[in-house]
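Student: I have a chain to go through. Can we check each label against its definition?
Tutor: Gladly. Here it is.

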Amino acid sequence: MPHARRSQPQASEDTASSLAILEGRLGYRLEPALLVRALTHRSFAYENGGLPTNERLEFLGDSVLGLVVTDTLYRRHPDLAEGQLAKLRAAVVQARALAEVARELDLGAFVRLGRGEEGTGGRNKASILADTLEAVIGAVYLDQGLDAADELVHRLFDPVIERSSNLGAGLDWKTSLQELSAAEGLGVPEYVIAESGPDHEKTFTAAARVGGETYGTGTGRSKKEAEQQAAETAWRAIRAAIDGRNGTTTAGGAPVA
């Protein structure tokens with residue numbers, strides 16, 4: 001019994017120390033229980049008696065992130081039509097972009113995962129990192145208000161917004177691939193979709209085929225995301241072949257508007 005009493009404060013101190021490190025990176029001190037919930041993946045919650053998960057905070061954070069990014073794009077690009085703004089926003093808030101931001105924070109080190117997810121590399125899964133980052137944004141919004149959440153999103157995502165603004169036609173890789181394949185007389189792109197995983201966490205894999213040949217594949221949490229990734233890979237492959245044939249290169253490897 002004495003050993004149990006000594007171990008509990010140590011565990012609490014370790015948790016507090018870990019949270020303090022993350023709070024330092026976020027730039028905000030949050031209510032401890034709220035931050036812990038934001039870091040609690042459902043796999044951990046289920047393995048520990050049905051604890052609250054971060055899914056409601058993720059839902060909230062997704063909306064906060066979308067609002068701040070949409071407002072930013074609207075103000076920075078007064079001449080862009082709604083359709084282009086929508087494509088630009090999608091490029092900023094896609095799971096891959098969120099996961100990269102989360103990796104810069106080393107957010108995976110702080111996520112509370114179940115043993116199964118831990119064993120399959122869950123700390124580096126794009127879907128888990130993206131969802132957790134949205135949950136953390138939701139927690140900052142609840143604890144510190146919209147101004148703080150707005151500042152955090154800008155600090156974390158302004159570089160992503162800038163990069164996405166320079167993508168040009170690459171904002172919609174499926175359209176870019178269709179235009180390129182038509183120009184080259186290769187035919188209309190087709191996408192072959194496969195899915196795996198449980199219903200609540202499916203992973204989709206898409207293969208982009210042009211003229212009966214597979215030029216690229218991609219994965220994502222939705223068919224749309226997987227197709228966009230596959231289209232990007234295929235576009236780059238075809239573009240590289242054209243450039244090699246012509247002895248030219250495209251700056252940055254992406255189309256320019």
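Student: How many residues count as buried, and what makes a residue buried?
Tutor: Of the 257 residues of the protein chain, 40% count as buried. Buried means under 20% relative accessible area, exposed over 50%, partly exposed in between, with a 1.4 Å probe and protein chains only. This is a predicted model: local features need pLDDT of at least 70, side-chain atom pairs pLDDT 80 or more, while totals for chains, interfaces and linings use all residues. Residues are numbered from 1 along each chain as its sequence is written, and side-chain values use heavy atoms, without hydrogens and water.

Student: What makes a run a helix or a strand?
Tutor: Both are DSSP runs, numbered from the N terminus: helices are H or I with at least four residues, strands are E with at least two. The protein chain has eleven helices and three strands.

Student: Why are β2 and β3 called paired?
Tutor: Two strands pair if DSSP finds at least two bridges between them. Strand β2 (residues 203–210) and β3 have seven bridges, so they pair, in the antiparallel sense. Arg 209 stands opposite Thr 214 in β3.

Student: What is the strand order, and which strands stand at the edges?
Tutor: The open sheet has the order β1-β2-β3, with antiparallel pairing. β1 (190–196) and β3 (213–220) each have a single partner strand, so one side of each lacks a neighbour in the sheet.

Student: Which helix lies across the strands?
Tutor: Helix α11 (residues 223–246) lies across β1, β2 and β3, at about 140° to β3. Angles run from 0 to 180 degrees between N-to-C directions, with axes fitted to C-alpha atoms, for helices over the stretch in contact. Contact means heavy atoms within 4.5 Å.
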